[in-house]
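Trainee: I would like to learn how to read a few features of a model, one at a time. Where do we start?

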Amino acid sequence: MNFDLLHPRDQLVMLMQRVYRYGMTTTSGGNMSIQDENGDIWITPAGVDKGSLTREDVVLVKRNDEIEGRYRPSSEFPFHKAIYEVRHDLRGIVHAHPSALVSFSIVRKIPPTSIIPQAREICGKVGYAPYALPGSRQLGESIANAFRQGNDSILMENHGVVCGGTDLLNAFHRFETLDFCARLAIKASMLGNYKELSDKQVSLLKHKKNILPQFEPATLSNREKAIRRQITEIVHRAYDQQLMTSTEGVVSVRLGIDSFLITPTGKDRRLLDVGDIVLIHNRKREREKLPSRSVLLHDRIYCDHPQIQAIISAQAPNATAFSVTDYIFDTRTIPESYILLQDIPKIPYGPQYLDEEKISQAIRQNTPVILIENDAILTTGKSMLEAYDRLEVAEFSARSLIDANLLGGLVALDDIQAKELKVKFLNKR
Ligand SMILES: [Zn+2]
C-alpha cells in the first residue's frame, strides 16, 4: 500500500487510530499534523475522542491562519507550527504521552536508542526540552529550539514526546520505535542491567548483503500466491499482537529446495501487501525488490535444515528483554513452553550480519528457537503457523518470567519433569 497517495485527512486518521490501538495514547491525549506543499497545516482537533476520529474531524489551518473545520485545532498547534517554522525538512509531527516514554520523561532520562540495532537510524537524534505550560508560547519555543539544534525526536520534560519526520509516516516510525526502546529498556530493567550496542556494532546494520543479483520471475504459481497472502496476514497479526513494530520483524516461508519468499526491508509492517513480498531463488532476488537485511541468514538456514519450512524473527518486547540482558531465558516454566521452545541459546550480536553459518549451526532438531543478543528472537517451524506459535509462546513465557521475577522468581520444572516431557512429547530419551 502506498501511504503517500492518501489524502492528509486519511493519513492522520489512519495513524491516529494506530497510535490509539497500539496503546500509545489515551482518548484525550496526543495530536498529529502534516504540513503540505502549500504550507498549510492539517492537524487533529482539540477535545475529540482519539479512538473514533474521522476524516471530517481533521482541521485545516491555512498559511494565513484561516481555520477550516468543525472543531478547533489541537491546543498544541502552537508548537507544531513552531517546529515547521524552524525545520523546513519536516512535513509530519506526532506528539503523545505513551506510558513508557512518560516514565523516561518523568525521571528526565532519554531512552536508549542503541539498545537494538535499527533504532538510532530510525529515531534520528533524540533531544530534550524543559517543561513549559501546555499550549503556551514558551513550550513552542522550548521545543522549536531543540528541533533547531538538529534533533528529530524530543523528549518533553514531565510531558511526553514529539517526533518530526520527512512525512507523517516517518514521524510515526520515529515515535513508535522510540516508544519501543523505552518499553524494552523498562522490561529489561526488571531483569537486570541492559546492554547497549557500540557505534561499531550498530554500523554492521549498514551491510549491503541483501543486494543480491536480480532475476525476472516466471508466472506466479497458485501456491506462491497463497503463501504471499499468508505471510502478509501473519505480519499484520504479529503487529496487532504487538510482537512486531512497524519497522522491525521478518517472516520467510520456503517455496522449494532453493527458493523462498521473504518480507522486504524498509516497509511499514502494518501496510505490507502481497506485492511487497520478495521471491528469492538460487540466492537471487526478485527484480527491483529489496529483501530483509537477514536474507542470507534465512537462505543459509533453509539450506542447512531441510525440515524447516518457515522462519520468523521479531523484537517481541518481553522476549527481546532477555536478549539485551545477561538473564537466562529459562523455558522450564510450564509444559507448553518447554515443549514448544525447548532450550533457547543466546547468540552474541554480529553473526546475523557477518557469519550466517554460526547462527544456522545453533539451530538444531531440539533447538528451534534462538535469541540474538541486542536484536531479536528467531523462531523456526515445520510450518509458518508453528514458527508463529513459537514466537507467541516465547513472548508469553518471557512475560511470565519477568513478572514472576517481581513475585519471588521462577521455580522451574525439575530435570525429571523436563525429561518426562521430552519422552512423551518430543520422542527423546
Ligand atoms: Zn501533550
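Mentor: With burial. This is a predicted model, and Phe260 has a relative accessible area of 2%, so Phe260 is buried. Tyr302 is also classed as buried, at 4% relative accessibility.

Trainee: How is a pair of aromatic rings described?

Mentor: A ring pair is described by the distance of the centres and the angle of the planes. A search of the whole structure finds four aromatic pairs. In one of them, Phe260 and Tyr302 are 5.0 Å apart centre to centre, with 40 degrees between the planes, and the pair is tilted. This pair links distant parts of the chain, with Phe260 in strand E11 (residues 259-262) and Tyr302 in helix H9, 42 residues apart.

Trainee: What is the geometry of the pair Phe322 and Tyr327?

Mentor: That pair is edge-to-face, at 5.9 Å centre to centre and 65 degrees between the planes. The angle is over 60, so the pair falls in that class. Phe322 is buried at 0% relative accessible area, whereas Tyr327 is partly exposed at 31%. Together with Phe329, Phe322 and Tyr327 form one aromatic cluster.

Trainee: Which charged end sits over the ring of Phe396?

Mentor: That of Arg399, 5.3 Å from the ring centre.

Trainee: Next, the metal. Which residues coordinate the zinc ion?

Mentor: His95, His97 and His159 do, each through NE2, at 2.0 to 2.1 Å. The donor spacing in sequence is H-x1-H-x61-H. His97 lies in the loop between strand E5 (92-96) and helix H3 (99-107), and His159 in the loop between strand E7 (153-156) and strand E8 (160-165), 62 residues apart. Water is not among the atoms, so the site may look incomplete.

Trainee: Are His97 and His159 buried or partly exposed?

Mentor: His97 is partly exposed, with a relative accessible area of 32%. His159 is buried, at 12%.

Trainee: How should I read the pockets?

Mentor: Take the volume, then the lining. The largest pocket has a volume of about 870 Å³ and 40 lining residues, with Thr247, Thr265, Gly266, Lys267 and Arg269 nearest its centre. Helix H6 gives the largest share of that lining, four residues. By type, the lining has 15 nonpolar, 14 polar and 11 charged residues.

Trainee: What about the second largest pocket?

Mentor: Its volume is about 340 Å³. Of its 16 lining residues, Gln342, Gln365, Lys382, Glu386 and Arg390 lie nearest the centre. Helix H11 (335-341), E17 and helix H14 (384-407) each supply at least two residues. The lining divides into five nonpolar, six polar and five charged residues.

Methods. Residues are numbered from 1 along each chain as its sequence is written. This is a predicted model: local features need pLDDT of at least 70, side-chain atom pairs count only at pLDDT 80 or more; totals for chains, interfaces and linings use all residues. Side-chain values use heavy atoms; hydrogens and water are left out. Donors are N, O and S atoms within 2.8 Å of the metal (3.2 Å for Na, K and Ca); water is not among the atoms, so sites may look incomplete. Buried means under 20% relative accessible area, exposed over 50%, partly exposed in between (1.4 Å probe, protein chains only). On a 1 Å grid over the protein atoms alone, a cavity is a set of points where a 1.4 Å probe fits but cannot get out, and a pocket is an open set with protein on both sides within 12 Å along at least five of seven lines; lining residues have an atom within 4 Å of a point. Grid points are joined across faces, edges and corners, and a volume is the space filled by probe spheres set on the points. Ala, Val, Leu, Ile, Met, Phe, Trp, Tyr, Cys and Pro count as nonpolar, Asp, Glu, Lys and Arg as charged, and the others, Gly among them, as polar. Rings of Phe, Tyr and Trp (its six-membered ring) pair if their centres lie within 6.5 Å; planes under 30 degrees apart count as stacked, over 60 as edge-to-face and the rest as tilted. A charge sits over a ring if NZ of Lys or CZ of Arg is within 6 Å of the ring centre and within 35 degrees of the ring normal.
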